[in-house]
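Biologist: Could you put the chain up on screen and take me through it? I'll ask, you answer.

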Amino acid sequence: MSDQRLLTIPTFSIMLEHHTIMRDVIREMDEEGEPYIREARFISRLHRHMQHIGKDKRKQLSTAFSIENLLAAHILVDKDEFGGESRLIFDRSVIGVFRLFDRSLFQDLTDVALKVQLGGVRLLLSQLESESLLFSDADLDYKELMDELFHRLSELLNSIRLNLVKMQDINQELTDASEHAAKTDNPQIFALLQQESIGKISRLLSRHILPTRQFLDEKSRLQDGRNLFECLQMFRRLFERHQDHQRALAMLRYEITFNSFHSQMSKVSHSVDQFLARSKKRLRQFNAIEAAFGELTHALDATQKNIKRSLIDGEFARNDGSFMGLMQQARPKVLRISRSEAYLNNVISDIEARVADHSLLKQHRYAQLVSSKDDSTERRLARAEQIFDLVKQMKMAEYQDLTLALHRRLNQNITDYHFIDLLEGLNFLLCNHDMLDGHKLKTTNIRNCLAQDEIIYLYRKIRTERVIL
């Protein structure tokens with residue numbers, strides 16, 4: 001390091017120009033939970049940064065960041081030896097300036113830090129309640145106490161505001177962490193990243209979010225004394241009693257502001273709780289799948305090593321609940337989409353039929369059918385006649401499943417549609433050849449099902465084919 005000296009302002013200007021050095025230093029201090037940085041690590045970071053700059057800049061940095069220069073410029077408040085290591089302690093105001101440049105460096109409020117802040121406010125309140133001071137700015141002690149009170153409250157307000165801004169970005173951080181874990185192909189790495197994420201968020205929730213939320217809760221009761229809102233209300237009463245309405249109004253504004261922070265902090269806490277619940281559930285599912293897969297692999301190896309055994313013993317599935325019920329599950333049906341001429345003609349004819357339905361119904365101003373609880377013969381006959389008129393106006397086309405096609409078309413045009421309406425419409429088609437419009441019906445042995453009001457109906461498919469003369 002250089003033996004030259006710089007004044008405080010030039011030194012600080014160079015530190016701001018190369019603020020990434022202090023950013024890394026502060027981040028390491030926060031991660032370690034220590035108010036100091038070890039000199040060896042500080043010098044190591046400085047040298048790594050100097051490798052990527054020119055010779056003149058390296059000389060300038062060597063002078064500005066020398067330990068002797070930082071001590072002379074009052075940027076370092078102390079350098080001590082502890083446990084055989086040299087430790088550097090920066091001035092808090094200097095650290096505070098660099099925290100303002102980077103939102104990620106905002107220092108999280110802990111339960112201890114909040115209690116220290118509250119203890120200072122309580123001490124000032126006790127001095128006012130002692131009636132040893134005149135409530136007048138002419139009293140210098142009173143004036144000094146008021147300056148200290150509002151300075152403390154302003155600092156506390158700013159600290160909570162900065163933490164809230166940082167915590168409100170936590171949703172994006174959680175999303176990024178989940179995506180990073182999901183992209184890995186290695187199951188062990190996925191589990192490790194999930195556990196690290198859960199551990200980190202759990203510490204953030206228990207050490208910072210929940211204490212701040214409780215601190216800002218006006219209903220919280222503390223064993224060691226008044227909470228923050230009780231102190232502010234007591235300040236306001238004292239000011240009002242002594243006709244200091246401006247300061248009483250200021251206390252009211254502080255109450256409202258801190259109370260608004262509580263609702264915002266509650267939203268952050270809720271989102272973190274949801275993330276933890278989802279992450280823990282995902283990790284439990286992953287562990288269950290991994291355990292079941294491991295047992296399945298072990299059972300498979302037993303068949304490969306034994307020539308007489310070609311199949312996994314059924315007792316394995318019965319003993320392991322993870323595989324029970326799999327044989328009863330139906331195989332997924334293939335979505336039969338193809339480029340064949342028949343398939344495309346079927347799709348096109350269905351679209352044309354629906355367009356024709358729409359134009360016919362619109363042209364005749366057809367009113368939608370309305371269902372009724374009236375089960376009289378006259379009512380049923382009237383509804384059947386309306387369904388007959390509606391089916392008669394629909395355009396016939398080539399269908400692989402006439403029942404399903406008619407179900408979809410009636411469902412769109414009948415209010416309070418019932419399965420019996422489909423049966424009546426289908427019966428009209430089967431009994432009236434004029435409605436088939438040159439098509440013939442072919443009943444197949446292929447079965448399909450329809451769901452209506454939580455009831456599943458099984459039927460055989462009826463295919464329509466155009467008769468070529």
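What follows is a run of questions and answers about this chain.

Modeller: Ground rules before you start: this is a predicted model, where local features need pLDDT of at least 70, side-chain atom pairs count only at pLDDT 80 or more, and totals for chains, interfaces and linings use all residues. Residues are numbered from 1 along each chain as its sequence is written, and side-chain values use heavy atoms, with hydrogens and water left out.

Biologist: How many helices and strands does the chain have?

Modeller: Both kinds of element are DSSP runs numbered from the N terminus, helices being H or I with at least four residues and strands being E with at least two. On that basis the chain comes to 18 helices and five strands.

Biologist: And what share of the residues is buried?

Modeller: Buried means under 20% relative accessible area, exposed means over 50%, and partly exposed is in between, with a 1.4 Å probe and protein chains only. The chain has 469 residues, and the buried share is 37%.

Biologist: In the largest nonpolar core, which residues touch the most other members?

Modeller: A nonpolar core here is a set of buried Ala, Val, Leu, Ile, Met, Phe, Trp, Tyr and Cys residues joined through side-chain atoms within 4.5 Å. The largest one holds 45 residues, and those touching the most other members are Leu128, Phe235, Phe239 and Phe258.

Biologist: Which helix supplies the largest share of this core?

Modeller: Helices H7 (111-129), H8 (140-168), H10 (187-215), H11 (228-241) and H12 (245-305) each supply at least two residues of this core. The largest share is 11 residues, and these come from H12.

Biologist: What does leucine 128 touch?

Modeller: A contact means heavy atoms within 4.5 Å. Leaving out residues up to four places away in sequence, leucine 128 touches Phe135, Tyr142, Leu145, Met146, Phe235, Leu238 and Phe239.

Biologist: How many residues are in the other core, the one that lies apart?

Modeller: Its members include Ile14, Phe42, Leu61 and Phe90. The count for that core is 27 residues.

Biologist: Is histidine 262 buried or exposed?

Modeller: Histidine 262 lies in helix H12. Beyond residues up to four places away in sequence, histidine 262 touches Arg213, Leu216 and Asp217. Its relative accessible area is 18%, so histidine 262 counts as buried.

Biologist: Over to charges. How many salt bridges are there?

Modeller: Side chains of opposite charge can pair when their charged atoms come close. The rule used is a side-chain nitrogen of Lys or Arg within 4 Å of a carboxyl oxygen of Asp or Glu. By this rule the count is 23.

Biologist: Aspartate 80 and arginine 87 form one of them; are they buried or exposed?

Modeller: Their side chains meet at 2.9 Å, N to O. As for cover, aspartate 80 and arginine 87 are both buried.

Biologist: What is the N to O distance between aspartate 244 and arginine 247?

Modeller: Aspartate 244 and arginine 247 are both buried. Their side chains meet in a salt bridge, and the N to O distance is 2.8 Å.

Biologist: Now the open sheet: what is the strand order?

Modeller: Two strands pair if DSSP finds at least two bridges between them. E1 and E3 (residues 85-90) pair in the antiparallel sense over two bridges, and arginine 38 stands opposite arginine 87 in E3. The open sheet has three strands with antiparallel pairing, in the order E1-E3-E2.

Biologist: Which strands are at its edges?

Modeller: An edge strand here pairs on one side only. The two that do so are E1 (37-38) and E2 (76-82).

Biologist: How many bridges join E4 to E5?

Modeller: E4 (residues 439-452) and E5 (residues 455-466) run antiparallel. Lysine 440 has glutamate 465 as its bridge partner in E5, and alanine 451 stands opposite isoleucine 456. The number of bridges joining E4 to E5 is 11.

Biologist: Last one: which residue in the turn has a positive phi?

Modeller: E4 and E5 form a hairpin, with two residues between them. The phi in question is about 55°, and the residue is aspartate 453.
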